Amino acid sequence: MLEKQVLFAKLFAYILRLYGDVLRRTVKRKTRSLWRKPSSAAGPEEVRPIVIIGASFAGYHAARTIATSLPPDSPYKVIIIEPNTHFQFTWVLPRFCVVPDHEHKAFIPYGPYLGDAADSVQWIRDRVETIERKCVILTSGEKIPYEFLVIATGSAHGGELPSRVGAERKQDGMKRLQQVQYRIKDAKKVVVIGAGAAGVELAADAKEHYPEKEVVLVHSRHAVMNRFGPELQAAALKALEELGVEVILNDRMAHEDLEQGRVVLTSGRVVECDYLINCTGQKPSSNLFAELSPGSISPSGHIDVKPTMQVNDDSLPNVYACGDVASLHVGNPNSRSATHQATVAGDNVVLAAMGKKPRATYTRHWADGVIKLTLGLSKSITHFGNGQAELLFHAKEKDIALMSEGAWRAMGATPFEDPGLEPLDENGF
């Protein structure tokens with residue numbers, strides 16, 4: 001009990017420091033906006049580009065940090081290269097794979113999060129094909145030079161739901177979510193592979209939304225949510241079993257035979273299956289940088305970085321990496337740790353652009369590993385743990401769309417208005 005009390009006190013102190021930093025940055029940003037004015041002195045040949053690859057949690061926040069911190073009339077210009085039309089709020093994807101009529105809420109318009117600096121940021125909707133020492137080359141063949149580069153390419157598992165949307169346009173993403181909804185609705189027996197957060201949440205939602213269906217959750221480890229503490233593992237397993245989800249541990253899929261309606265596990269066990277959903281782990285998207293600096297790629301596939309978020313290659317001091325693609329040994333990579341890393345990277349880019357030495361550093365903190373795990377449509381557990389003790393906060397969820405509305409507001413957008421949405425086609429997408 002004493003360990004939990006100490007942990008709670010440390011958590012409270014951490015939250016106070018966090019809010020203090022947010023308040024300080026907000027005041028600083030508003031002060032700068034009062035002095036910000038359109039620059040007419042710099043011509044196109046004088047623009048000094050700061051390129052950011054990727055605009056999910058890390059990249060988008062890095063762009064905001066840099067764009068709102070650069071001095072007025074700075075010759076530097078932030079350029080974001082991002083193929084998606086909208087910010088994809090991935091945390092709600094497992095829920096929206098099951099529950100219909102809310103899928104549009106997972107796609108938040110880009111732009112408002114940048115605040116008063118939005119007009120000074122250039123967006124390029126494309127993918128980077130190659131990273132070179134002084135430029136990046138897009139799939140279109142266009143070369144974009146950079147003086148500073150922030151790599152925030154994240155992680156992926158084949159770009160498939162429920163972890164990733166796997167589509168660039170909002171309409172296409174909504175359609176993909178609806179297709180999964182239809183498949184789950186039509187299936188009699190759903191098999192979910194992988195009992196991390198996405199797998200646990202999707203299995204629980206599917207079973208509660210369709211209690212008549214058989215839902216089987218297969219996991220290769222000894223416990224669900226195995227990256228977390230035993231208290232969360234036990235609570236998650238109990239909630240799944242109370243809902244009626246069949247949980248199979250210490251086993252994995254050997255192969256699938258969906259024509260025969262079955263999945264064969266490595267143990268030899270055969271599980272009947274109408275619809276299979278793969279929720280196994282993510283891999284860092286570091287292949288672009290691996291071609292330029294192969295020695296900077298860790299055995300796990302992440303980009304090795306220094307505490308300043310500069311890549312661990314002294315010949316590339318102007319290149320930074322943050323978020324899921326960076327190797328920082330974060331126990332539970334999530335949006336919180338990604339944005340903290342992005343803040344450090346952004347602060348240091350601004351310092352370097354002003355001719356100063358990057359001095360901000362990222363330090364892992366156990367509280368960054370917090371997770372809010374939904375366990376069915378109306379229950380959730382928020383978990384904090386430092387390796388020695390755990391804090392679990394049980395709650396009832398009243399909003400079927402979870403934190404979608406709050407995410408839109410946090411991104412500066414009005415829920416759920418999307419004035420820039422592309423026109424729908426004849427099929428409603």
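Where is the place of F416? F416 sits in the segment after α9 (404–410). Helices here are DSSP runs of H or I with at least four residues, strands are runs of E with at least two, and both are numbered from the N terminus.

This is a predicted model, in which local features need pLDDT of at least 70, side-chain atom pairs count only at pLDDT 80 or more, and totals for chains, interfaces and linings use all residues. Residues are numbered from 1 along each chain as its sequence is written, and side-chain values use heavy atoms, with hydrogens and water left out.

**Backbone features**

F416 is joined to P415 by a cis peptide bond, with omega about -15°. Another cis peptide bond joins L161 and P162, where omega is about 15°. P162 belongs to the loop between β10 (155–156) and α4 (170–186). Most residues other than glycine have a negative phi, and most peptide bonds are trans.

D101 has a positive phi, near 75°, and is a residue other than glycine. M309 also has a positive phi near 75° and is not glycine. D101 lies in the loop between α3 (93–96) and β4 (107–109), and M309 is in the loop between β19 (303–304) and β20 (319–321). Is M309 buried or exposed? M309 is buried, with a relative accessible area of 0%, whereas D101 is exposed at 60% relative accessibility. Buried means under 20% relative accessible area, exposed means over 50%, and partly exposed is in between (1.4 Å probe, protein chains only).

**Contacts of F57**

F57 is part of helix α2 (residues 57–67). Leaving out residues up to four places away in sequence, F57 touches F87, F89, T90, S335, A338, T339 and M411. A contact means heavy atoms within 4.5 Å. F57 and S335 are 278 residues apart along the chain, yet their C-alpha atoms are separated by 5.8 Å.

**Salt bridges**

How many salt bridges does the structure hold? There are 13 salt bridges, each defined as a side-chain nitrogen of Lys or Arg within 4 Å of a carboxyl oxygen of Asp or Glu. The table gives some of them.

| Pair | N to O distance |
|---|---|
| E147 and R48 | 2.9 Å |
| R269 and E246 | 2.5 Å |
| R262 and D257 | 3.8 Å |

E147 and R48 form a salt bridge at 2.9 Å. E147 lies in the loop between β8 (143–145) and β9 (148–151) and R48 in strand β1 (residues 48–53), so this pair ties together parts that are 99 residues apart in sequence. E147 is partly exposed at 30%, and R48 is partly exposed at 33%.

R269 and E246 meet with their closest N and O atoms 2.5 Å apart. R269 is in the loop between β15 (262–265) and β16 (270–272) and E246 is in strand β13 (residues 246–248), so the pair ties together parts that are 23 residues apart in sequence. R269 is partly exposed at 37% relative accessibility, and E246 is partly exposed at 30%.

In the pair of R262 and D257, R262 is partly exposed at 34% and D257 is partly exposed at 22%.

**An exposed lysine**

K396 lies in strand β24 (residues 390–396). K396 is exposed, with a relative accessible area of 75%.
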